[in-house]
Amino acid sequence: MTLESGTSTPSDRRVLDKLAIAGREFDFESIPTSLDGEDGWMHSGIAVLGDGTLVVAHQEGGALVLAGPGVQARSVTTDLTEMHCITAAPDETLWIADNGHRYVHGTPDYSEVTRPGRVVRVGLDGVVVQELADPGIGGPWSPTSVSVTEGSVWVADGYGSSLIHRFDSDGSLRDTIDGGESGLRFACPHGILVRGGELYVADRENRRIVVFAESGVFRRTVGEGVVHSPSSLADLGGTLLVTELFGSLALFEHDVYAGHLGVSPRSHLEPGWPNRVVDGTTMAPAVDQGKFNSPHGIAVHDGSVYVTEWMIGGRVVWLRPRPVE
């Protein structure tokens with residue numbers, strides 16, 4: 001995994017003073033997903049099933065957690081290392097990008113486990129029903145994101161070769177793009193989203209969002225000069241939502257920048273970030289209920305926005321729309 005280490009914050013960033021998307025206000029709430037006090041380092045994506053059940057990675061790894069507002073959390077064991085991105089298919093199986101890396105308990109800091117990356121489709125029982133093969137192009141295979149359309153599965157190899165691949169639904173590789181047509185090769189294409197017949201790419205280390213036709217032809221660049229750590233993407237009624245790992249949520253209306261929500265008071269250059277260091281020991285950060293710390297995965301459902309945060313213990317934030325008066 002790679003992170004941008006620069007000190008600059010985009011000068012054109014607009015900090016929004018209230019949680020509002022497309023004119024509608026939202027409340028900021030946390031949803032319990034822990035199965036009692038785990039201090040694993042969550043690095044999770046998130047998906048929402050048709051009935052509103054949330055699916056995230058267990059903080060301790062090796063399992064999915066099904067939870068949600070008013071839902072008793074339960075775990076489902078898998079043989080995966082990490083569920084870095086979770087995407088619900090129409091048949092409510094789950095596509096998972098397993099980047100093959102996770103942080104595990106250690107003293108005084110956390111240790112690392114590294115295994116081969118995988119892209120799999122699993123049932124709600126955690127059993128693998130399909131796996132996409134490493135294309136063997138450009139270097140290591142450490143996939144970070146999956147987006148599914150009719151007949152196609154798009155995969156971002158964000159932590160590996162910085163390539164994006166399109167597979168047929170049967171697992172055959174169809175296309176590979178490296179971003180070069182945009183004038184700059186991808187550098188950690190962390191998140192992808194097929195939206196309105198176009199492929200949106202959160203090209204994190206290049207600090208931009210790149211848009212392609214589904215054929216792979218470059219269309220345009222979005223957000224240059226205002227995004228700093230774009231990680232995952234979602235669409236809410238035409239508003240593009242972008243998690244910024246360094247502590248905020250960026251909004252774009254029809255690709256036009258609208259501002260950043262929930263901006264963290266912390267700097268990603270602080271010792272131990274996204275966690276904190278106390279007497280030499282790395283531990284979970286103190287989080288502000290109304291601010292993001294390190295937003296990572298994102299999903300939308302029935303007007304709500306759900307965001308996972310990358311940190312010890314993890315957090316799932318629910319942006320709940322206020323009733324229309």
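Biologist: Which residues form one aromatic cluster?

Modeller: In this predicted model, Trp-41, Tyr-103, Tyr-110, Phe-246, Trp-273 and Trp-310 make up one aromatic cluster.

Biologist: Where do Trp-273 and Trp-310 lie in the chain?

Modeller: Trp-273 belongs to the loop between strand 25 (256-261) and strand 26 (276-278), whereas Trp-310 belongs to the loop between strand 29 (304-309) and strand 30 (311-312). The pair therefore ties together parts that are 37 residues apart in sequence.

Biologist: Are Trp-273 and Trp-310 buried or exposed?

Modeller: Both Trp-273 and Trp-310 are buried.

Biologist: How many aromatic pairs are there by this rule?

Modeller: The count is 10 aromatic pairs. Among them are Phe-212 and Phe-218, with ring centres 5.9 Å apart and planes at 70°, so they too are edge-to-face. Phe-212 is buried, at a relative accessible area of 1%, while Phe-218 counts as partly exposed at 23% relative accessibility.

Biologist: Which charged residue sits over the ring of Trp-318?

Modeller: For such a contact, CZ of Arg must be within 6 Å of the ring centre and within 35 degrees of the ring normal. The charged end of Arg-320 is placed over the ring of Trp-318, at 5.0 Å from its centre. Arg-195 likewise lies over the face of Tyr-200, 5.0 Å from the ring centre.

Key: Residues numbered from 1 in each chain as written. Predicted model: local features only at pLDDT ≥ 70, side-chain atom pairs only at ≥ 80, totals over all residues. Heavy atoms only, no water. Phe/Tyr/Trp six-rings, centres within 6.5 Å; stacked < 30°, edge-to-face > 60°. Buried < 20%, exposed > 50% of the residue type's maximum accessible area, 1.4 Å probe, protein only. Helix = DSSP H or I, 4+ residues; strand = E, 2+ residues; numbered from the N terminus.
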